Amino acid sequence: MPRKEHILLLKQGIAPWNTWRMEHPNEQPDLKHASLVGIQLAGVYLHDENLIQSNLDKLQRTEAHRSQAIQDGTRAPDADLTHVNLTKVNLQDAILEGANLSDANLTWANLRGANLSGANMKHANLRRADLRYADLRDANLERADLRGADLTGARLHRCNLRKADLQNADLVGADFSESSLERAALCKSDLTKAVLTSANLVRADLKSAILDGADFQNANLKNANLAGARTERVLNMNTVTA
């Protein structure tokens with residue numbers, strides 16, 4: 001159970017909480033299983049807080065600092081998480097459907113199996129993030145930084161990845177069907193057995209990418225850079241628009 005005094009202090013507002021945290025740096029707040037619905041956390045200092053299974057539905061947490069927080073099973077549909085710092089956060093299997101994570105820092109975050117369908121992640125920093133088997137259908141990842149991220153088996157159907165940076169990303173078996181990857185950077189990415197049916201890859205940079213077994217049925221690769229790409233057993237290349 002969460003410590004009652006911690007919840008009451010948090011409800012008093014940003015200034016009282018931050019003052020208390022500064023004055024008690026060695027005391028670890030206990031917010032496990034806490035209901036934080038409606039609590040304004042914009043600017044609240046929550047570094048390393050234990051928030052396992054906290055109820056975060058409809059939280060407003062703009063610029064809240066939660067580096068390395070643990071969020072297994074978190075539910076935060078439609079939450080406003082713009083500009084939030086979630087470096088190395090554990091959000092495995094979290095429900096973040098429709099959440100606003102634009103400009104959020106999610107470097108090295110664990111988002112494996114998370115539901116991010118319809119989420120706004122424009123300009124988000126997802127370098128080295130674990131997004132294996134995540135649901136990113138209809139998500140907006142325009143200009144997102146996904147360098148070195150692991151999206152093995154991720155569902156990215158109808159996803160906006162225009163000008164996203166996916167260099168050196170692991171995209172094995174990912175489903176990009178009907179997605180926009182226009183001008184996306186996919187240099188040295190691994191797209192083995194990825195599904196790219198009807199995807200927009202106009203001017204995408206696929207230099208030195210691994211495309212073994214990828215399905216390009218009805219994909220648009222007009223002016224795409226395929227220099228040095230490995231294309232063994234690529235499927236439906238004859239249907240590509242060039």
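Predicted model: local features only at pLDDT ≥ 70, side-chain atom pairs only at ≥ 80, totals over all residues.
Numbering starts from 1 along each chain as its sequence is written, and side-chain values use heavy atoms, with hydrogens and water left out.

First, the overall picture. We have 2 helices and 0 strands in the chain, where DSSP runs count as helices (H or I, at least four residues) or strands (E, at least two). Of the 242 residues, 50% are buried; that's under 20% relative accessible area, with exposed over 50% and partly exposed in between, using a 1.4 Å probe and protein chains only.

Now, the salt bridges. For us that's a side-chain nitrogen of Lys or Arg within 4 Å of a carboxyl oxygen of Asp or Glu. The count comes to 11.

Take Arg132 and Asp150, whose closest N and O atoms are 3.8 Å apart. Both sit in the segment after α2 (14-23), so this pair ties together parts 18 residues apart in sequence. Arg132 itself is partly exposed, at 25% relative accessible area.

Next up, Arg147 pairs with Asp145 at 2.6 Å between the closest N and O atoms. Here Arg147 is partly exposed at 30%, while Asp145 is buried at 13%.

And lastly, Glu232 meets Arg233, 3.5 Å from N to O. Glu232 is partly exposed at 43%, and Arg233 is exposed at 61%.
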